[in-house]
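Please look at the sequence and the model before reading on.

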Amino acid sequence: MKRIVLAAALFSTAAIAQPPAGDAKPGDSYGEKVNPAGAIAIAEIPAKLANTESIDTKIKAKVLDVCPKKGCWVSLAINDSTTAFVKMKDYAFFTPLALKGKTVVLDGKAFVKTTSVSELRHYAEDAKKSPEEIAAITEPKKEIRFLANGITVVE
């Protein structure tokens with residue numbers, strides 16, 4: 001009986017630890033549905049954060065990457081050399097891998113954070129980076145973060 005319970009627990013954990021299925025088609029939402037009207041381009045965020053700690057906003061951006069482990073974070077392109085890291089508010093929702101490459105509108109809070117080496121390494125492990133790439137992370141990183149209430153696919 002103990003083996004059955006253990007096997008069931010392991011199976012349910014494995015099933016939970018995967019991104020949700022889905023094609024991430026225009027109109028699909030994750031978390032709260034976000035109306036795209038009034039969203040600003042993510043390229044405006046660095047200037048807006050220059051004089052304040054955080055802003056509540058709605059942004060439009062292209063998804064560069066999605067956590068392959070659970071879909072619990074996404075990376076957005078700000079410009080050719082800068083990205084923003086997005087986590088879901090209260091860990092309340094996840095996104096499918098199909099979100100990668102899509103244009104989305106997010107509603108939530110943008111802020112700047114200095115991310116520790118251990119946290120950066122954790123996200124690199126989630127992204128299935130090589131041990132060499134993970135070991136190369138030796139400095140904290142100041143980055144733009146976004147805590148999303150909801151994400152809606154627009155393109």
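The model is predicted. It holds 7 salt bridges, and its largest nonpolar core has 27 residues. The largest pocket has a volume of about 420 Å³.

**Nonpolar cores**

- In soluble globular proteins, nonpolar side chains tend to be buried together.
- Within the largest core of 27 residues, Ile-45, Leu-76, Leu-99 and Leu-106 have the most contacts.
- Strands E3, E4 (73-77), E5, E6 and E7 (141-153) each supply at least two residues of this core.
- Another core, of 6 residues, lies apart from the largest one, and Cys-72, Trp-73, Tyr-123 and Ala-127 are among its members.
- Leaving aside residues up to four places away in sequence, Leu-99 touches Ala-24, Tyr-30, Val-63, Val-66, Val-74, Val-104, Ile-151 and Val-153.

**The largest pocket**

- The largest pocket is lined by 17 residues, of which Leu-120, Tyr-123, Ala-124, Lys-129 and Lys-141 are the closest to its centre.
- The lining is made up of 10 nonpolar, 2 polar and 5 charged residues.
- At least two lining residues come from each of E3, E4, E5, helix H3 (117-126), helix H4 (131-135) and E7.

**Helix H3**

- The buried residues in H3 are Val-117, Glu-119, Leu-120, Tyr-123, Ala-124 and Asp-126.
- Elements that cover these buried residues of H3 include E4, E5, E6, H4 and E7.
- Just after H3, Lys-128 has a positive phi of about 60 degrees.

**Salt bridges**

- Side chains of opposite charge can pair when their charged atoms come close.
- Lys-100 pairs with Asp-65 in a salt bridge, with 3.8 Å between the closest N and O atoms.
- This pair links distant parts of the chain, since Lys-100 sits in the loop between strand E5 (83-88) and strand E6 (103-115), while Asp-65 belongs to strand E3 (residues 54-66), 35 residues apart.
- Asp-65 counts as partly exposed because its relative accessibility is 22%.
- Glu-119 forms a salt bridge with Lys-113, and their closest N and O atoms are 3.0 Å apart.
- Glu-119 has a relative accessible area of 17%, so it is buried, whereas Lys-113, at 26% relative accessibility, counts as partly exposed.
- Arg-145 and Glu-143 also meet in a salt bridge, at 2.9 Å from N to O, and both of these residues are buried.
- Lys-113, Glu-119, Glu-143 and Arg-145 are linked in a network of salt bridges.

**Positive phi angles**

- Ala-24 is a residue other than glycine with a positive phi, near 55 degrees.
- Ala-24 lies in the loop between helix H1 (2-16) and strand E1 (29-31).
- With a relative accessible area of 0%, Ala-24 is buried, and it is one of the residues that Leu-99 touches.
- Asp-90 is not a glycine either, yet its phi is positive, at about 60 degrees.
- Asp-90 is found in the loop between E5 and E6.
- The relative accessible area of Asp-90 is 66%, so it counts as exposed.

Technical notes
Residues numbered from 1 in each chain as written. Predicted model: local features only at pLDDT ≥ 70, side-chain atom pairs only at ≥ 80, totals over all residues. Heavy atoms only, no water. Salt bridge = Lys/Arg side-chain N within 4 Å of Asp/Glu carboxyl O. Helix = DSSP H or I, 4+ residues; strand = E, 2+ residues; numbered from the N terminus. Buried < 20%, exposed > 50% of the residue type's maximum accessible area, 1.4 Å probe, protein only. Core = buried A, V, L, I, M, F, W, Y, C linked by side-chain atoms within 4.5 Å. Contact = heavy atoms within 4.5 Å. 1 Å grid on protein atoms, 1.4 Å probe; cavity = no way out; pocket = protein on both sides within 12 Å on 5 of 7 lines; lining within 4 Å. Points joined across faces, edges and corners; volume = space filled by probe spheres on them. Nonpolar A, V, L, I, M, F, W, Y, C, P; charged D, E, K, R; others polar.
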